[in-house]
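Subject: Handing over the structure, with notes

Dear colleague,

I am passing this structure on to you, and my notes follow below it. Please look through the structure before you read them.

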Amino acid sequence: MKRQRLDCDVLVVGSGPGGATTACLLAEAGHDVLLVEEGRNLSLDSAVPYSLDEIDQKYRNGGLTPSFGKTNVTYIEGRCVGGGSEINAALCHPPMPETLEQWKVIYQIDEFGEKALAPYLEDVFRDLTVSFLPYELGPASRKIKEGADAMGWKSEEVARFWHYPEKCDSHEKGSRQSMTATMVPRALAAGCRLRSRTRVRRLGLKGHRAVFADAVSRGPDGTRQALRIHFEQVFVCGGPIQTPTILRRSGLKGKVGKGLTMHPMLRMPVRFDEEVNDPSYGVPVQQVVEFKPQLTLGCSNASLPHLVMWLGGQVQDRERKLAEWRKMALFYVLVMGTRRGFVRSLPGTEEAFAYYPINDEDLALLVEGLYRLGKMLFAVGAKEIFSPVAGAASITDERDLGILRTGLPQGKMSISTIHLFATCPMGGDPRRAVVDSFGKMLDMDNIWINDASILPAGTGVNPQATLMAVARRNVARWLAARGSR
Amino acid sequence: MVAEAQGADDVMDPEALDRTRATMHRRLQMMPRFLGIPMIGATLVFDWGGVLASGLPFHRQSAAQRRKQLETWRKSSIGFLVNFVDFYEKMAKFTYFYELHERKEQRDEEVSG
């Protein structure tokens, strides 16, 4: 395969929230930027949200990638222009001030904390028109709010990266403010070049500099084209799994890929006597925040196929239940994982291998969260809670909730996550840091990392706002050192 | 096969079942190789493991026999066997009901369009 040469001043690898932000700000400052994305360049309406078609088009591996450990945790990565921002719930939760202050101290991050990050968060909120609902809470969100009130717990509506037109009375009239709707068009308007369907395999190094990236481009008809991209500076923004995989394949090992942590999540369908599942309200936005950052209780999108996945029993039973699917919602428990795993590139393949040893404490917190969620929902009229354990009976009496607390068999729970962190952590701690306080790779002259892999721990909240603010901060520092063009 | 095992033959929509089979085959091919190859191997073991219990491979068993084999693996103390069945069941259920329910709604919208 003959190799094609491309040149740029700044190569940005990956177009998720970190990469798209980086490419946009650099291009707007006048730099010659090439943004490379492994996935396809698809519009937001290329598929119905959360549909099988969307999973096939925009999720890596069709949404089925496990991390290994005593209990496997399935993780989800976006693989398309815009990355995870095209497929996530678009919930915008600012970082908790105490989390930022802890990171500053524990991970020795310079010029960090709530005040330092505030202006960058404001920019994120403005650029992505972060909005609360312009209409009342949907029925599933109301159940969370009323349930939390009944238990004396704090809950709040989480804003979304969403644009609502004036006089908006339905979710369907708004639009997701993903990267393809915001930062990518801005980047392109500023002269950034975008190359999709192009996978960077490795960086070519010369001493302490990266000098090129080897990549493969796939055409719509499957034809492959080898590329060598020459650059002056490179920002690797492939996310906590792909970024360390690329770097390790390039020979940059050491601490790269260690420190993987995540927000493990368990879901369970719950049935009520009244309708609680109304898709016209979009993703439920109310969360119980009483136990944050360690534990969050909330509600997911739940189309009929999603609900079926989590219901036990035979098709006939399910048909009876599913005749009333609008009376069911899919609630979740999310915890801030305390363990650390790792990511490796598999030799001879393009694939990443993730190991995350979810431990007894994390499992105990998940289980406790399920119990609290169950108690809360019974307090507001839940009739049946479907256990997240494969094959277990559903719970129809609050007094039976204790079965959740007695410990669930580890291997029989379906734990998943979309929030991954810390495989190339930032900071000044030589035992842990892969990049400095502003994303520059240690011991390398021209490699920066600017995605969630540099966040040194789980945020305890939906992480997109945090990672975009940190990415903006790091680009601002980079530009201050080099100026605009 | 798993989808069929979940219900009596007469309650399954044949068109949706066909599309489910095709989709599941495609999803297996989308898996990373380090996972997909062992999964295909495990699937073959599952299929021919049915011979030990019922004298027939899974794909030739009746719906009742298939449900029994699924139940045996589901209740196993070996985590991998439980995960295997759980994986296929979830994928089959999601795909079948998506094909049955969501695609039908999309087609109805197109017709009324």
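Which residues have the most contacts inside the largest nonpolar core? They are A:Leu11, A:Leu203, A:Ile229, A:Val234, A:Leu247, A:Met441 and A:Ile447, in a core of 84 residues. A nonpolar core here is a set of buried Ala, Val, Leu, Ile, Met, Phe, Trp, Tyr and Cys residues joined through side-chain atoms within 4.5 Å, and buried means under 20% relative accessible area, with exposed over 50% and partly exposed in between (1.4 Å probe, protein chains only).

Before going further, please keep in mind that this is a predicted model, in which local features need pLDDT of at least 70 and side-chain atom pairs count only at pLDDT 80 or more, while totals for chains, interfaces and linings use all residues. Residues are numbered from 1 along each chain as its sequence is written, chains are lettered from A and ligands numbered from 1 in the order in which they are written, and side-chain values use heavy atoms, with hydrogens and water left out.

The cores of chain A

If residues up to four places away in sequence are not counted, A:Ile447 touches, among others, A:Leu203, A:Val234, A:Leu247 and A:Met441, where contact means heavy atoms within 4.5 Å. Apart from this core lies another, of 46 residues, which includes A:Met262, A:Val288, A:Leu295 and A:Ala329.

A:Leu295 also belongs to strand S19, where A:Leu295, A:Leu297 and A:Cys299 on one side and A:Thr296, A:Gly298 and A:Ser300 on the other are all buried. Strand S19 (residues 295-300) of chain A is thus mostly covered, with six of its six residues buried. S19(A) runs antiparallel to strand S20 (residues 328-335) of chain A, to which six bridges join it; two strands pair if DSSP finds at least two bridges between them.

Aromatic rings and charges

Rings of Phe, Tyr and Trp (its six-membered ring) pair if their centres lie within 6.5 Å, and planes under 30 degrees apart count as stacked, over 60 as edge-to-face and the rest as tilted. By this rule there are 13 aromatic pairs over all chains. One of them is the edge-to-face pair of A:Tyr135 and A:Tyr281, at 5.8 Å centre to centre and with 65° between the planes. This pair links distant parts of the chain, 146 residues apart: A:Tyr135 is in the loop between strand S7 (130-131) and helix H5 (139-151) of chain A, and A:Tyr281 is in the loop between strand S17 (265-271) and strand S18 (286-288) of chain A. A:Tyr135 counts as buried because its relative accessibility is 14%. Ring pairs also link A:Tyr135, A:Tyr164 and A:Tyr281 into a cluster.

A charge sits over a ring if NZ of Lys or CZ of Arg is within 6 Å of the ring centre and within 35 degrees of the ring normal. The charged end of A:Arg160 sits in this way over the ring of A:Trp162, 4.0 Å from its centre, and that of B:Arg66 sits over the ring of B:Phe58, 5.6 Å from its centre.

Backbone details in chain A

The peptide bond from A:Lys292 to A:Pro293 is cis, with omega near 0°, and A:Pro293 is placed in the loop between S18 and S19 of chain A. A:Thr129, in the loop between helix H4 (114-127) and S7 of chain A, has a positive phi near 40° although the residue is not glycine. A:Arg197, in the loop between strand S11 (193-195) and strand S12 (198-206) of chain A, likewise has a positive phi, of about 50°, and is not a glycine. A:Arg197 counts as buried because its relative accessibility is 19%.

Chain B

Chain B has five helices and zero strands. Of its 113 residues, 49% count as buried, and B:Tyr96 and B:Phe97 are both buried.

Best regards

How values were computed. Helices (H or I, at least four residues) and strands (E, at least two) are DSSP runs, numbered from the N terminus.
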